Amino acid sequence: MSECISESDCIDHLLRAGCPERVIAHARAVRRVVDEYTGDEAVLGCLAECGALLHDIGRSKSRAIDHAIIGGDICREAGISEDIALIVERHLGAGQTADECIQLGLTPRNCMPVTLPEKIVAHADNLVKGTSVIHIDERMIRIADLPRKKRHRTYHLALEMELFSR
């Protein structure tokens with residue numbers, strides 16, 4: 001089982017990485033949304049909570065889409081568990097296949113959320129704009145220009161996560 005990290009330790013990691021306050025505020029907002037999905041005994045809540053706090057740690061080095069992969073690497077370099085590094089790496093939208101990563105100019109990695117904590121954090125991040133919680137309908141409008149496959153993936157992730165909503 002993976003080691004969970006306290007909220008204060010997660011915030012310390014963000015600060016040491018050089019994340020600005022707006023990134024930390026966003027991470028805390030995503031963490032609050034995650035709480036709505038971690039009441040089920042099937043979900044290891046501490047992993048999702050820590051993953052939510054650290055999901056944008058890569059924004060300390062990049063404001064581009066590559067921040068997720070950079071963030072996963074930052075977590076690994078800091079000795080944070082691989083389970084949490086994968087949550088960070090796989091949080092974009094509803095994930096990216098290795099081929100999609102190549103098309104985006106990213107390192108070809110499978111960045112599709114697989115575990116429940118990975119899926120919960122990706123979904124929770126989809127529901128937060130800045131520090132405000134938005135409805136999935138608003139997220140779908142915001143991604144209307146993405147390929148149909150990615151829009152469907154985002155919508156189906158939202159439907160799946162509703163099974164775990166409190």
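Residues are numbered from 1 along each chain as its sequence is written. Because the model is predicted, local features need pLDDT of at least 70 and side-chain atom pairs count only at pLDDT 80 or more, whereas totals for chains, interfaces and linings use all residues; side-chain values use heavy atoms, with hydrogens and water left out.

**Overall fold**

- The protein chain has 9 helices and 2 strands, these being DSSP runs numbered from the N terminus (helices H or I, at least four residues; strands E, at least two), and their pattern along the sequence is α-α-α-α-α-α-α-β-β-α-α.
- The radius of gyration of the protein chain is 14 Å, close to the 15 Å that the globule rule gives for 166 residues, so the chain is as compact as a globular protein of that length; the radius is taken over C-alpha atoms, and the rule is 2.2 Å times the number of residues to the power 0.38.
- Among contacts (heavy atoms within 4.5 Å) between residues at least 6 apart in sequence, 62% join residues at least 24 apart.

**Pocket and cavity**

- The largest pocket holds about 710 Å³ of space, where a pocket is an open set of points on a 1 Å grid over the protein atoms alone, with protein on both sides within 12 Å along at least five of seven lines, while a cavity is a set of points where a 1.4 Å probe fits but cannot get out; lining residues have an atom within 4 Å of a point.
- Grid points are joined across faces, edges and corners, and a volume is the space filled by probe spheres set on the points.
- The lining of the largest pocket comprises 29 residues, of which Arg59, Leu92, Gly93, Asp125 and Arg139 lie nearest its centre; the elements giving two or more residues to this lining are α2 (21-34), α7 (116-126), β1 (128-129), α8 (136-142) and α9 (148-162).
- A search of the whole structure finds 1 cavity of 30 Å³ or more, and the largest cavity, with a volume of about 40 Å³, has a lining that includes His91, Leu92, Cys101 and Cys111.

**His67**

- Leaving aside neighbours within four places in sequence, His67 is in contact with His55, Asp56, Gly58, Arg59, Ser62, His91 and Leu92.
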